Amino acid sequence: MIGVVGGGLAGLAAAYRLREAGREVRVFEAGDEVGGLARSYETAGDPIEAFYHHLSRAEETILELADGLGVEVDWRVGRTATYADGVVHPLDTPWQILAYPRLSTIDKLHLAALVSEIDVRFDGIVPRIERYGDLEEYDDVPAETFLRERTTDRVYENFWAPLLEAKFGSRADEVSAAWLLGRVRFRGERDLLRGEILGYPDGGIGVLVDALIDAVGRETIETGARVTELSPGDAVESLTVERDGKRERHEVDGVIVAAMPSVLESLTGYECGIEFQGTICSVVSAEQSLTDTYWLNLADETPFGLFVEHTNFIPPERYGGEHLYYLASYVQNPDEELWGLSNGEVERRWLRGVADLFPEFDPESTNWVRTARNPQTAPVYDLGYLDRVVPYDLAEEVVDGVYYAGMASRAQYPERSLNGAIEAGFACADQILGH
């Protein structure tokens, strides 16, 4: 039997791949439910994820998995805009971008080249035009340095700096250009007349999770089961599970740790140098729409880092007519004031912030607000990150038969994603299967 530690998408994907190959598998999830960051809330219609998600055409592995499981993915326009100087500026079409007041025409040409992955530099007066290739080449290059050299100071200061600060807070100046270019490469197919085309499973990400659970076999998944120990020796032969105060020993032929590196360290002593940031994310149900935009970047001072009006992407009819917004902020340090607030205090502060942005919004008019938080939702993609990625096969570093598919794996570089979780799970399973 192969033991899988963690019931998130990576663990479920590993178990699915192994089961498809005829191997016996058991998934041990310490929490009360599987799915990890893909868990959902109930609404008046379809469920809604606690943390916002969408898919890109570039995420081929998860799209192939969804197709194989019979999960339909809807492709829709996800309109984007930036809130700057008190105004929502749409940034989907070329003429909208040209109208953005914080950048000159030259700035916009440099920005357009970058988001098209085109490197334009001058040898004297002659332009040298190339496409960005291997992103690993930029792992040790600060994003700010890269942006100022490859675009303009105004592009950095008026476009990218607010986005980097919203994502990485006080650590924005440590982020590598590899992450930034990876983010650009990840973006969806673009319709010049309408905007970015993004995908979303029919019924929500939870539909994909449920289909994956069914394919793995619910009888092979145990919740409330914390793996506390692996057998010592030259090869892993068993694992110990703690459940309801009792300890159980299971013989195994191998173990896939599909959890945070802190879990890997507690089980094996392997130390991962990657640091993580947390997220506080609220879902707001209201009676009104505030914009015609899905993804609203915030260039003005706000109490949250991101505003996503989900029902401008998936229509409110799918949620019983509710209009659903995400408000979110990343937290770099648990000592930050925001992390110390209760969920109720966060919600009250953030709803006042929405009213400051949109005076027509009445905080008292909301149907409900639900807030989730997690201290480790994404890596900080700082300089030299790639050197600290945890290998899939840890035979040399730890012991034979131990594999790693968590968020610090190679598949989650240079940006983490649902697709990366599936790829990491598949990669570890393939190592075991000898593929």
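Predicted model: local features only at pLDDT ≥ 70, side-chain atom pairs only at ≥ 80, totals over all residues.
Local features required a pLDDT of at least 70 and side-chain atom pairs counted only at pLDDT 80 or more, whereas totals for chains, interfaces and linings use all residues. Residues are numbered from 1 along each chain as its sequence is written, and side-chain values rest on heavy atoms, with hydrogens and water left out.

The protein contains twelve helices and 22 strands, taken as DSSP runs (helices H or I, at least four residues; strands E, at least two) numbered from the N terminus. Its radius of gyration, 22 Å, is close to the 22 Å given by the globule rule for 435 residues, so the protein is as compact as a globular protein of that length; the radius is taken over C-alpha atoms, and the rule is 2.2 Å times the number of residues to the power 0.38. The C-alpha trace spans about 65 × 60 × 45 Å along the principal axes.

Of the 435 residues, 57% are buried (under 20% relative accessible area, 1.4 Å probe, protein chains only). Among contacts (heavy atoms within 4.5 Å) with a separation of 6 or more, 69% join residues 24 or more positions apart.

Technical notes: Buried < 20%, exposed > 50% of the residue type's maximum accessible area, 1.4 Å probe, protein only.
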